[in-house]
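This briefing goes through a two-chain complex topic by topic, and it is meant to be read beside the sequence and the coordinates. Please keep both at hand while following the points below.

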Amino acid sequence: MTLSSVSEHEVTSNRYLRGKYSICGVGETTYRRGSTESTRSLATWAISNAMKDAGMDSGDIDGMLSYSGNDSTFAPWVAGDLGIRLNFYMDVHGGGSSTEALIGIAMGVIEAGMCKTVAIYRAMNGYSAVRIGGTGARSAAPILGDQIHHRAYGWQSAGQMFAPTFLRHMYDYGTTPEQVAAVKVAHSKHASNNPKAFYKQRYTIEDVVSSRIICKPLHLLDCCVETDNATCIIVTRTERARDCPNPPAVIQSVVGRCCKPRADMHYQHGPISTVAGHYAKDILWSNAGLGPEDVDVTGSYDAFTFTTMLQLEDYGFCKKGEGGEYVSDGTIELGGRRPNNTSGGHLCEGYTHGMNMVIENTRQLRGNVDDSCPINEDGVREHTYNYEEGGCRQVKNVEVTANLGWAMPGTGSAMVMAKDHK
Amino acid sequence: MPIQGDYMGMMLTIEDLDQENRDFFKYCSKKEFRLQRGKKSGLLRYPPTTACPWTGDRESEWVPVEGRGTVHSYVEVHHPIQPAFKDKVPYMIILADLDMQKGQPTEHEALRVAGNLMTEDGEFVSAETIKTVGIGTRVKLIYVDVTDEFALPHWTIDKEAEQPQKPWRYPEE
């Protein structure tokens, strides 16, 4: 870790709980299409895996947080199934940008003495039941009041809602379709080294820009995958996390659902080619005592290729307007200076509303991502750092990671984590 | 009674208690584009809200605004999501800056009003017409009736305005 940027930031105090909380367990179901079970069943599956990862049993978890768009099962049912007696729970409305926000809430409620350890989950049949792309029942739902200002114009799906931001970025800064397509190329390269990924095929720039247009500027391959899955992250005090089998991923700072002005209709307040990260970065880096230059691996939400690019730019990984260049010059690929979404993310691994990117960065910090590298006789995976197809996806010497969560151009969340050095 | 009407096969409903949207869409049915003006700030706002975004002032009045502007950005849909739009693709959603209050109260703010790109008669335009419209195109508002007391504002090319030689379009065409 280079601490070159630290002088600009507050580093002297442990302010805002910096370092005090950690992710001690992560887990997921398979990523697939064609679910054979309910979100309740998916949730218990993912939470069980995370508890196993944390070396915890039902008596160790006493808090639960979940989020959904009314397409999941609430925490009390899931906790009951697993024999967990809750001292705290909350089921929150929302999709992307919830992961980091809920991690922050978990830290707050533990700090307040309301519970000790929180399991956060997102369970969704995003392909087989409530389709995340917006087709099916959601697309034909009656249109009420405030929704008339967009849905009545055929302005409804995530891609449709975000497109004015994406196009305006191309207009303002000359960003090209080929530059942005490089995000899919990088994430597909990473996914090819992830046995869990739903799409493991590597793609080229040409594959992306020659795929059919969904709504300009989005080609089919600029859009994420819809899958059925659940994911779980367990948050506890770092002190407690040190007793767990895996090294803690220590939380340095969190930002939750930070908004541009006019969150009711963010396009009213420009520049519309600037996203919420522009505001969130001032909380994220200052509270972490770190800057973008200190980060080894990023997880920038890829609902679309463009969302990854816009956030990396507005969080300061490059100059404003240079996002197209940043994502296409090799920096974000495995083997590059700062790989992004090393699991393949939403574009390739599976769609989880942000959870899998935090899970991946946790594993990167532990130095034990689940790729195809050989496992030795002691059960330890020996990473080769050969990033050829079907090979390794562990990044060398990961000290600091950043997650940049996206709800929409006007709203985002973020988190910085670091390796434990106690 | 809620105001309710079928529009292209979609059921649109404005509840009794949703006074702001009732007023907005009722004015549209009289072919008037009216926006709320905050009593304290004197600033217009879009879409309808319950208080002034700049002062928090809950007092406002509906004032008529000229429905002319410039395309700030757009969406061009080729793969329809909603069943109502299946036979309309490609269609365009325009986000246009009204001339009124553009760049106020700060440089990058504007009344950015959404609507589909329509003919002057309120029909969806052809794919050829879509190719002539982009960022910078001058547009004006028209209204398409949903019921007797409810109409939707939409955008059409402003034929009386001076148009840019080549409005900015997505490059890959």
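**Backbone, packing and interface of the complex**

A:Leu17 is found in the segment of chain A that comes before strand S1 (21-28). The model that contains this residue is predicted, and the predictor assigns the complex an ipTM of 0.98 together with a pTM of 0.96. For chain B the mean pLDDT is 97, and 99% of the residues of that chain reach 70 or more.

**Backbone geometry**

- A:Leu17 has a phi near 65 degrees, which is a positive value in a residue other than glycine; with 19 other C-beta atoms within 10 Å, where burial would need 20 or more, A:Leu17 is partly exposed.
- A:Tyr385 likewise has a positive phi, near 55 degrees, in a residue other than glycine, and its place is in the loop between helix H13 (355-366) and strand S11 (400-408) of chain A.
- A:Tyr385 counts as partly exposed because 13 C-beta neighbours lie inside 10 Å, whereas a residue is called exposed at 12 or fewer.
- In chain A, a cis peptide bond with an omega of about -10 degrees joins A:Gly270 and A:Pro271, and A:Pro271 lies in the loop that runs between strand S9 (249-259) and helix H9 (277-288).
- In chain B, the peptide bond from B:Gln104 to B:Pro105 is cis, with omega near -5 degrees, and B:Pro105 belongs to the loop between S7 and S8 of that chain.

- The axes of H6(A) and helix H10 (residues 305-314) of chain A come within 8 Å and cross at roughly 105 degrees, which makes H6(A) roughly perpendicular to H10(A).
- On the H6(A) side this contact is made by A:Val180, A:Ala181, A:Val183 and A:Lys184, and on the H10(A) side by A:Thr305, A:Phe306, A:Thr308 and A:Met309; by class, the residues of the contact divide into five nonpolar, two polar and one charged.
- A:Tyr199 lies in the loop between helix H6 (177-191) and helix H7 (205-209) of chain A, and A:Tyr199 is buried, since 22 other C-beta atoms lie within 10 Å.
- Leaving aside residues up to four places away in sequence, A:Tyr199 touches A:Ser188, A:Ala191, A:Val225 and A:Cys348.
- A:Tyr199 and A:Met408 are 209 residues apart in sequence, and their C-alpha atoms are 24 Å apart in space.

**Sheet in chain B**

- Three strands of chain B form an open sheet in the order S4-S3-S5, with antiparallel pairing; strand S4 (44-45) and strand S5 (60-64) stand at the edges with a single partner strand each, so one side of each is left without a neighbour in the sheet.
- Strand S3 (residues 34-38) of chain B is joined to S4(B) by two bridges, and the two strands run antiparallel; the bridge partner of B:Gln36 in S4(B) is B:Arg45.

**Interface between the chains**

- The contact takes 39 residues from chain B and 40 residues from chain A, and the elements giving two or more residues to the chain B side are strand S2 (10-14), strand S6 (68-77), strand S7 (91-98) and strand S8 (112-118) of chain B.
- The side of chain B that touches chain A has, by class, 23 nonpolar, 10 polar and six charged residues.
- Two bridges join strand S5 (residues 143-144) of chain A to S2(B), and these strands run parallel; in S2(B), A:Leu144 has B:Thr13 as its bridge partner.

Definitions and conventions. Residues are numbered from 1 along each chain as its sequence is written. Chains are lettered from A and ligands numbered from 1 in the order in which they are written. This is a predicted model: local features need pLDDT of at least 70, side-chain atom pairs count only at pLDDT 80 or more; totals for chains, interfaces and linings use all residues. Two residues are in contact if their C-beta atoms, placed from the backbone, lie within 7 Å. Helices (H or I, at least four residues) and strands (E, at least two) are DSSP runs, numbered from the N terminus. Ala, Val, Leu, Ile, Met, Phe, Trp, Tyr, Cys and Pro count as nonpolar, Asp, Glu, Lys and Arg as charged, and the others, Gly among them, as polar. Two strands pair if DSSP finds at least two bridges between them. pLDDT is the predictor's confidence in each residue, from 0 to 100. Axes are lines fitted to C-alpha atoms, for helices over the stretch in contact, and angles run from 0 to 180 degrees between N-to-C directions. Angles under 35 degrees count as roughly parallel, over 145 as roughly antiparallel, 65 to 115 as roughly perpendicular and the rest as oblique.
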